Structures are given as C-alpha cells and as structure tokens.
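Please read the points alongside the coordinates.

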Amino acid sequence: MNEKSKLLDQFGAWNRFVLQLANQEWHTPIDEGKWTIHDIVSHIMMWDKYFYEEAIYPIANGKPVTVSDLDFDAFNREAVDYGKTLAKEDLIALTTRCRNLLLETIARFDDDTFSREYAEGKFTVRTYLEDFIWHDRHHMAQIEEYRRKSGND
C-alpha cells in the first residue's frame, strides 16, 4: 500500500466511526462546556465541505485553489449552528457523502497532483490529509472518552 492509499484509508476511518455512532445519544455535551456528538460531526462535515469546494474540486478540475485564512471560531460556530438544522440521520448521510466525495476525488489524483504545492505553497493534498486525520482522531478520542465515561461504548 503506497502513502496515498494509507492516508486515504486513515481518512476514511471517520465515516466508519460515524456510522458506528448511529445508535448513540448525540445531543448531550461530551463534557462540561463541550460540544455534543452532533456538533462534532457537523463541524467535521463542514470542514470537509469547505476543503472539497475550495481545494479538492478546483484541483481536480484544473482551477485555482481558493482556501484562505478563516476565522476558525466563527466557522466552527456556523458549522455547529448548521448542524442543529439537521436530524441525526440526515447529518450522518451528508457527512458520509461529503467524506466519500473527498476520498473518491483524491484517489483519482496522480502522484504529482497529490504532492504538488498549491495556493503559493499554502496547501498540498498530502498535508491536508495528514492534518485532518489528526483532527478526526482528536475528536474520535473525545467521543470515545465520553462513551467510556457514560457507559455507552
């Protein structure tokens, strides 16, 4: 298995994890002052959507990458607020669809496209996957700790 395949497999772990949570209670904060599972899933889905629209889709279509420095706190608040408009089942479907779109598109990239620097060196597909695998795992660990403490594992 090459590096891209390994990274895509690790990036795909989020969908497998979310599907395992389908019968979990999603609307209780995972800790005092923290988000709910629903909030976390919406947050990650919106980052997936953003990077697909601003980087991965443009790369796949020979267009400029338009990722920019965002106000992360504002983006995350908007992502959580958007998630509150969706039923759990709809959020799961949208989350897996967004992640699968990323996975399928990146899988088609050749090695040069996968490794090339875009947006004046601010973005590579490889580092995007590495960063967001870390991000996924961070939130997965939070949810697993919540499930362990609450007896819902």
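1. In helix α1, F11, W14 and V18 meet I40, V41, I44 and D48 of α2, where contact means heavy atoms within 4.5 Å. By class, this contact comprises six nonpolar residues, no polar residue and one charged residue; Ala, Val, Leu, Ile, Met, Phe, Trp, Tyr, Cys and Pro count as nonpolar, Asp, Glu, Lys and Arg as charged, and the others, Gly among them, as polar. Helices (H or I, at least four residues) are DSSP runs, numbered from the N terminus.

2. This is a predicted model, in which local features need pLDDT of at least 70 and side-chain atom pairs count only at pLDDT 80 or more, while totals for chains, interfaces and linings use all residues. Residues are numbered from 1 along each chain as its sequence is written, and side-chain values use heavy atoms, with hydrogens and water left out.

3. Helix α1 (residues 3–20) packs on α2 at an angle of about 145°, the axes lying 12 Å apart. Axes are lines fitted to C-alpha atoms, for helices over the stretch in contact, and angles run from 0 to 180 degrees between N-to-C directions. The crossing of α1 and α2 is left-handed, that is, the near helix is turned anticlockwise from the far one by less than a right angle (right-handed if clockwise).

4. The axes of α2 (residues 37–60) and α4 (residues 88–107) come within 9 Å and cross at roughly 30°. The two helices are therefore roughly parallel to each other (angles under 35 degrees), and their crossing is left-handed. The residues of this contact divide into 13 nonpolar, four polar and four charged.

5. For α2 and α3, the axes come within 8 Å and cross at roughly 115°, and the crossing is right-handed. Among the residues making the contact are M46, W47 and Y50 of α2 and F72, F75 and N76 of α3. The contact of α2 with α3 has nine nonpolar, five polar and one charged residues.

6. Helices α2, α3 (72–83) and α6 (125–150) each give two or more residues to the lining, α6 giving the most, with six. The lining divides into 10 nonpolar, six polar and three charged residues.

Conventions. Parallel < 35°, antiparallel > 145°, perpendicular 65-115°, else oblique.
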